Structures are given as structure tokens and as C-alpha cells.
Amino acid sequence: MTVPTIARLTAELRTDTGVVAVATPRLTWTVADAAEDWRQESVDLRCDDAEITVGGADSVLVPWPFAPLTLGRRHGVQVRVRSVDGAQTEWSEPLIVECGALAPGEWVAQPIGLAAPTVDAQPVLLRTSFVLDRPIRRVTLFWTALGVAEPEVNGQSVSDDVLSPGWTSYRDRLVHETVDITDLVGTGQNVLAATLAGCWYTEKYGYYGQAKRVFGDQPSFLAQLRVEYTDDEVVTVAATGASWWTSAEGPVVSSGLYAGEHQDLRRHHTGWSAPGYDASSWAPARIGANALPGYENVPVPQARISPPIRRGARVPVAAVLTAPSGATIVDFGQNLGGRVRMRVTGAAGDRIVVRHAEVLDGGELALRPLRFAEQKATFDLVDGENLLESRFSSYGFRYVQIDGWPGELDPADIEAVAVHSDLPRRAWFDSSHPMLDRMHENVLWTLRADTLSIPMDCPQRDERMGFTGDLQLFAPSMTTLVDADAFLSSWLRDLAAEQRRLDGNVPMMVPECLPHLADALRFAEYGDAATVVPSVLYDRYGDAGVVGDQLPSMIAWVESVLAVAGDSGVWQGTPQLGDWLDPDAPPEDPGRTKVDHDIVATAYLAKSLQLVARACAMVGDDEQSHHYAALHERTRRAFCDTFVTPAGRMMSDAPTGYALALVFDLVTDPPQRQRMGDRLAELIRRSGYRISTGFVGTAIIGDALSATGQMAAAERLLLQTQCPSWLYPVTMGATTIWERWDSLRPDGTINPGEMTSFNHYTFGSIVDWMHRTVAGLAPAAPGYRQLRIAPRPLDGLDHARSRQLTPYGLAEVHWTRDAQDTVTVRATVPANVTALVELPGCAAVTVGSGEHSWQFAAPKRPAGGPFSLRSTLGDIIDDPRAYSCLMTAVTELVPERAEAISSDTVWVSTYPLVRALKFVPGPILQQIDDRLQKL
């Protein structure tokens, strides 16, 4: 008999540290090695010498039961749990918890920077000295920046974080770092120093060459030390202010998020951040922020709640290429967001220039998709060995062109380093379909590249902004793949801050960096991030706290829309982006969509009203809950009355419209829902099972099909390899998710639209459905308190598996199909969790924790046929063998007609195949007919 143990204990939302941003951190624990059907009956909680017993099964984000934490004190927290059958764990290993937030009024540091900069956004070295005159117990550094910085103490870096403190809504919210530097200081003279650059704060934002700085012209640094002496005296020293000195002659000559970075290693000052350095030539620091109008306010910093940015995967060189121009191009074989790290031996003054791009165009770097982002790293060397890596910029790339390398380039001296917010992975998917698995991993690579302090649209061109709509659509997949609770909770605070300045409206991007657009535009799908993202965090992590915190923001958003929509319940007649990047939209007009924009807007209004009603009920405000529930019902009915015919046709007869009506439960009558599902499947078949949705529809198309029993159409859509489809980019060698379905066209040319990224996560939103439906593992209750095990095996797969690190521990569903079409499902249910099991042809059952297996018959759909030129177009497209036979014959016999037949044919059941081949000569028609009849 195994003895249950506490596998993991965490405080609040971070798993990488015990430093928390609140005085009453919530606690989460998981149980391992438990007996089957293990359920928690009570828990003993211990903080130092205090103990308390709490009854019940709660083990995720459990309220802090002790006195609030105070700054400067570390506490050992332990848990011991008992099951309903009396089994008890031992006490867990202590988790050292401490509050990382300063008390009100304790922050005294002032913004400092260069007093007389010679250029905008000028990097700077800063330093001060301080004396510790007696033995210390602890020294803590609190710091932040309007920009980004790398602090050092006595010549040593204080952490391995990158681009800290990140990007927030500067005029409303700054986050400070809390770093224990006790081991870096000693009695006597000490030095606190930092290298500072502008990054997000001093970047120019805008389009079409009209970009300008928004926040400030120069970066600023803020820091202070909290010293606890062994005699119990606590003092603040070294606070940024008049005692600090600056130099503009450091090794970082210039740095920008879009432009890249120039380092001159000859300007390194040996010992500059340590005691004994002669800084007599340095200038006094400027005191106060160098901010632009409207951004003069410097808020009191708050403790960090989101994981910092860190270096991630290191990718070696895959190939060294010679471009037609003769340039040396390094291919890492993987598109990513990050930097290049190089080790090179050269002479003083040698200059290496590294240019970055995601793809090649004619064998050269494809720079057009970068627009005005130069993405260039420049390094001036010193004699001997040089270790080169940009410090305050990041790039999106797979390929780099390296100019000026002294001597012969050795690929072993070069690697790509991924740089991203440190979000722990929590989900894995694998199947018998290698391209599907590759696409899943592509989504994860893109997620990494696009989570750099905030959820971004892309890591390479002159945007890299926190587009609210993109994140809203991708949030379910993000929260499946990684632990993003703290990351998105932090971002939502910025969203609410920006929203308060806009009378409830939510800007297109958070932080807001194009203020001239924020006041003028109110977009569905984008603003609905205010309601959708907190709801997703509750559903995936069981985090009710974020819903309570964001409820005023949620209400403000729907009220701002209701004020525009009026009493009709329909949001119509206002500018919208709609189903952005519909594959049928022309490259130069990505907002020209098949589905009416008013359908998207009204559907999202209904969804947000429903989520607000649920949130109000969660916090116990029944009156408000009923109010918004009534408004939701009004909008739902208005949607149906305005956009849905009695026969179940959408007024915009396009897949996204049907998907919205079905997935958002706007149409509730079962027969009508089925008719709409049938029509949706028919539209997908008509398009040859190629994707025909943009951002909005793609996120929900899988659910719309599976909810109405259209798994055959869903499978064909998912496994399609022709353009446009999820797997088409994989056939073209993609290692990330593209912004457009055809960012790279079948002929190898780049989409001519001015907006083309090869690392954009929105179309990767399908992976959440892959975990929930293809593999069959989903939350049935918030935070996975109950699992849903409901795989829907695809004919084209022999097995599929989802493994997820839920808040309660590892859950897994793995199904396999044998030669007799018997499917075996094996599942792992973590302790303190139940699972609702819904298998095809079987009665639903509920099981407890442990290992389980079931079997059921899942015969594949019978093959069609016989086939001939008289077969209907629908018969041909519905049978992968027949379609493959047709297109192989056409490609061989009349290659000039292949693309038109494949792309332009409307695959319906009312016309024979021969009608689509009317321009094919008679003798060739007979050969095609012969091949089809042999199937």
C-alpha cells in the first residue's frame, strides 16, 4: 500500500519563487502516491509555529489562514492532508514564503537618468556607493525602470532575468523587482549600479513610417535598498536620487526594440560597478522622469506578480548558407523570438553586424515583412575572445546574416537563445500523425516568442504589441499549454488601468501605445478580452480571485458597448475588424470578411453579458447577475431575430457566423442547431475541406463541428494539407504559426500584403480543441476539479494522447485503435479529482482518482465508391482516396489546370465531377475516368 505524499506546495500564483506580491498568499498543493478514489477530507496548515485545521476538499488557491505576512520576514509553510477514508500524509517539506511588497509610504526612490543626453533613448551606466557599518542580517534590493535595466552589486549581476522589469501601462502601473542581495554585500564600502536602456519606454510606435515616441524620450531607473542589521535596525539606503552618478560611455551605444542594438566592447569600464572604481569623470544623475506630455505621472511601483523574462531554449546552427549576393546566412532551423549568442576571436575595432529575418526570399533575408523594424545587432570587438549577445533588445528570426566575421566562421561558435516570459509548460500532445504533432509544437514555439512580458502579436516587425483581440482568442490554448495565470493576471491589471481612462472602452492593445486610436475605436473581439480572459483563468486554473478583481472592468466594458448598441440588443453600424484575415480577403484588405461584422459584434456582446452575469453570481451579487442575464437573453434573441432565418440559415452564409451562433449558444433550439451544424459542414465541404475562417472563426470552428456531430468534417479540416489549412505551413517547412494562412505561398513567394508575420499565435487556437476533443482531456469544472474524458477518435489517427499538469497534478488521456477498430482509452486522474467519462456508444460514468481504462468499438467510416466522372463532386471530395486519385491524375495529365480545379471548384453533391473538368480534353477525361473506376 502506497503512502500519499505532498508532491508540490506553492504560494499565490508563482511556482518559481516563494516571494509573493501580497500579504495573504493563497496556497495550492497536490497529492501523489495516493490510493484510488482519494479525496481530501481536511488539511492541517502550519506557518512557523502556528497551526490550523481546515475542513473540506479545497486544495487549489486556498485562502491564507494566518496573520498577514510582513516585509522582511521569511516563514516556513507546510501542509498535511487527510483523506475521507482516514489516510494522512506526512507534513510537506517547508515552503519558504515572504512578502515582496513594500508597505505604503515606504517607496522613496526617485526616477534618475542622464542629465544631458546627446541622443534620444540613450543607454546609460548608473552607480552609487553605500556603507554598511555593522553586521547585517539581510539586504533587499527593490528596483524598477521606465525602460529596462540590469542591476549589479559589487561587480556581480543580481539575477539572470532579461529585459526587466518588462512593459506595463507606465502612467498607471509599474512593477518592482524584489531581490535578496545579502550574499553580494559586506561590511564597509559597497556599490549598487545598473545598465539602463529604453526598450518599450522610449520606442517609437505607429504605422506607415509615422511612428513616434509615446511615453518618454529617455529611460529612468529607480532603486532602493532595505538593510536589516543584526541589532534589528532597519534602514533604507542607496535610493536613487542625488547620490547617484551616470556615464553615457558604456558598452551599449544604442538600443531599441525595433532597431536592435549596437555594442562597442571597447567601451567596457573594468570594475565600474565595484568599490574602488574612479568615477570622478561621471556626471550627477538627472532626477525625475524624462516623460512626454500625459505620461509625467510615475506611479508607486507594485511588487511583481508575473514571472520575469528569462533565457530559454538554446538552438544550435542547422546550416550555413551563402546567399546569391555572397553574404553568409546562418539557418537555425527554428523560427523563434530571442537573440543570437556568438563567441568570436578578433581584433579591437572589428565590427560584426547581424541582421535577422524569419524567412528567405530568393536566397536572401526577407526584410520586407519587418516593415520599419531594422532588427540589426552590431558589435565592435576588443582584442582576443569576445562573447556577443544583445542585452536590451530581442528579435524574431530563423535566419541571420552575419557580416564582418573575422576569419572562418565555425557554426559551433554560434547559437540562438530563445527569450520569453518564464511560463512553465503544462500540456503535451502526441499522436500517430507527425505533421499534427509538429503543428502542435509550432504553436508552443510561437507562444514562447509572443510572450515577452506581455502577450504580443509577433516578435519581429514594428508592432510587438499586446493586441487584446488576438489574446482573447488564443487564451484557452495558452492556458492549456502553459501556466499563464500570473502572467495574464498581471496584464489584466494593465487592461483595467487603460480602460479607466477610456470610459470603459478597451483599447486594441494593452499597454496602450497608439493613444490616438484608443479614443476613436471600440472593437468587438478585442474589448471582449476584458470579460473572456478572466473567465478563462477561472475555468482553467480555478482562480476566482482574478474574476473578482476584474469584475469592475468586465462591467465597464459591457456597459460601454450597451451605450453604443442601444436598446435593440444588436451591436451594429460601427467600425469593426470582424473575422480578421479571412482567407478569402485580398492581401491588401484583411478586414474584408465573408461574415457580416455586425454578426461578430452582436455575438460577442451576448457572450460578454453572459460572462458578466456569471461573474456577478460568483461574488454573490445576485441582483446584478439577474440584470446581466436578462440583457444577455435580450441580445441572444435579437441575434437570432436579426441574423438567423427560421430554417436555420445565417444571413451571412459563412462558416464563422454559424460557428458563433453554435459555440456561443445563441441558437438554443436543438433541431435548429443541428440544421446549422449540417449547413456548416456543407460549407466546409464546398470549400474542399480547406479552412475558410479568419481569426474569430478559427478559434471556435472545431467546437462548432464537434458539438453538432460533424466529426468527419472536423477531421478533414484538421488534417488538410492544401492551402489554406493548419498543416499547409508544415508542408512548407514552418516551425511556428503564421499570421496569414498563406504567409508563404505554394510557389515559395511571400504574401504581398504589408502585414505578414511568420510567428503569430492566433491561428494556433485550434490546439485547445485538439486536447479537449481529439485526445479527450478537458476541465469539466473550474480548475480541473472535475475532468471530462471524452475522446473523439479520428479515422486518420491510430492514437492520440494529452498530458496536462492540472492544478491538482498530472492528468492524462491516451487512446489507441487496434486492427479490429477497437479503441482502448487509458486515463490518469489525479488525487482529489473526479472525472466524467463520456465515450461514444457508452453511458456516461463518473470515476475517482487513479488509473482507468475502457474500450469501445469505433469502426471507421466505410470507403466510398464506385467512382467515375459521373460521381458527384461531393462524393469525390468526401473520399480522400478519390480526391487524391483525381488530383494526382490532373497534376500529371493537365498540370496547368490543377490549381484551378483544386481551388475554384465548389464541391457540392448536385453536380457531377465531369462538370468541374469541362476544360479538360476528352482523351484525358477518359484516362481520369479509368483511374477513378479502378479504386
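**Exercise 1. Locate T736 and list what surrounds T736.**

Step 1. T736 sits in the loop that runs between helix 13 (728–731) and helix 14. Helices (H or I, at least four residues) and strands (E, at least two) are DSSP runs, numbered from the N terminus.

Step 2. The model is predicted: local features need pLDDT of at least 70, and side-chain atom pairs count only at pLDDT 80 or more, while totals for chains, interfaces and linings use all residues. Residues are numbered from 1 along each chain as its sequence is written, and side-chain values use heavy atoms, with hydrogens and water left out.

Step 3. With a relative accessible area of 2%, T736 is buried. Buried means under 20% relative accessible area, exposed over 50%, and partly exposed in between (1.4 Å probe, protein chains only).

Step 4. Contact means heavy atoms within 4.5 Å. Leaving aside neighbours within four places in sequence, T736 is in contact with Q334, N335, N442, W445, T446, F758 and N759.

Step 5. Two of these residues can be described further. The side chains of T736 and N335 make a polar contact (3.1 Å). A polar atom of the T736 side chain lies 2.6 Å from the backbone oxygen of F758. A polar contact is a pair of N or O atoms within 3.5 Å; within protein, one must be able to donate a hydrogen and the other to accept it, and residues adjacent in sequence count only if both atoms are side-chain atoms.

**Exercise 2. Is T756 buried or exposed, and which residues does T756 touch?**

Step 1. T756 is found in the loop between helix 13 and helix 14.

Step 2. The relative accessible area of T756 is 1%, so T756 is buried.

Step 3. Not counting residues up to four places away in sequence, T756 touches P369, R461, E739, R740, S743, I750 and N751.

Step 4. A polar atom of the T756 side chain lies 3.2 Å from the backbone oxygen of G753.

**Exercise 3. Describe helix 14 and how helix 14 packs with helix 2.**

Step 1. Helix 14 (residues 767–775) is mostly covered, with 8 of its 9 residues buried. Among them are W769, M770 and V774.

Step 2. G776 follows helix 14 and has a positive phi, near 100°.

Step 3. Two packed helices are described by the angle between their axes and the distance between the axes. For helix 2 and helix 14 the angle is about 65° and the axes are 7 Å apart. That makes helix 2 roughly perpendicular to helix 14. Axes are lines fitted to C-alpha atoms, for helices over the stretch in contact, and angles run from 0 to 180 degrees between N-to-C directions. Angles under 35 degrees count as roughly parallel, over 145 as roughly antiparallel, 65 to 115 as roughly perpendicular and the rest as oblique.

Step 4. P476, S477, T480 and L481 of helix 2 meet V767, D768 and H771 of helix 14. By class, this contact has 3 nonpolar, 3 polar and 1 charged residues. Ala, Val, Leu, Ile, Met, Phe, Trp, Tyr, Cys and Pro count as nonpolar, Asp, Glu, Lys and Arg as charged, and the others, Gly among them, as polar.

**Exercise 4. At what angle do the axes of helix 1 and helix 2 cross, and which residues meet?**

Step 1. The axes of helix 1 (residues 434–449) and helix 2 (residues 468–481) cross at roughly 95° and come within 11 Å. Helix 1 is therefore roughly perpendicular to helix 2.

Step 2. On the helix 1 side are H440, V443, L444 and L447; on the helix 2 side are F474, M478 and L481.

Step 3. This contact has 6 nonpolar, 1 polar and no charged residues.

**Exercise 5. Which residues touch the most other members of the largest nonpolar core?**

Step 1. A nonpolar core is a set of buried Ala, Val, Leu, Ile, Met, Phe, Trp, Tyr and Cys residues joined through side-chain atoms within 4.5 Å.

Step 2. The largest core has 197 residues, and W200, Y205, M439, M478, F639, L718 and I928 touch the most other members. Helix 7 (residues 597–618) supplies the largest share of this core, 13 residues.

Step 3. Apart from it lies another core, of 30 residues, including V139, A145, V153 and L225.

**Exercise 6. Find where two cis peptide bonds lie.**

Step 1. The bond from C723 to P724 is cis, with omega near 0°. P724 lies in the loop between helix 12 (711–719) and helix 13.

Step 2. G865 and P866 are also joined by a cis peptide bond, with omega about 0°. The loop holding P866 runs between strand 45 (850–857) and helix 15 (873–878).
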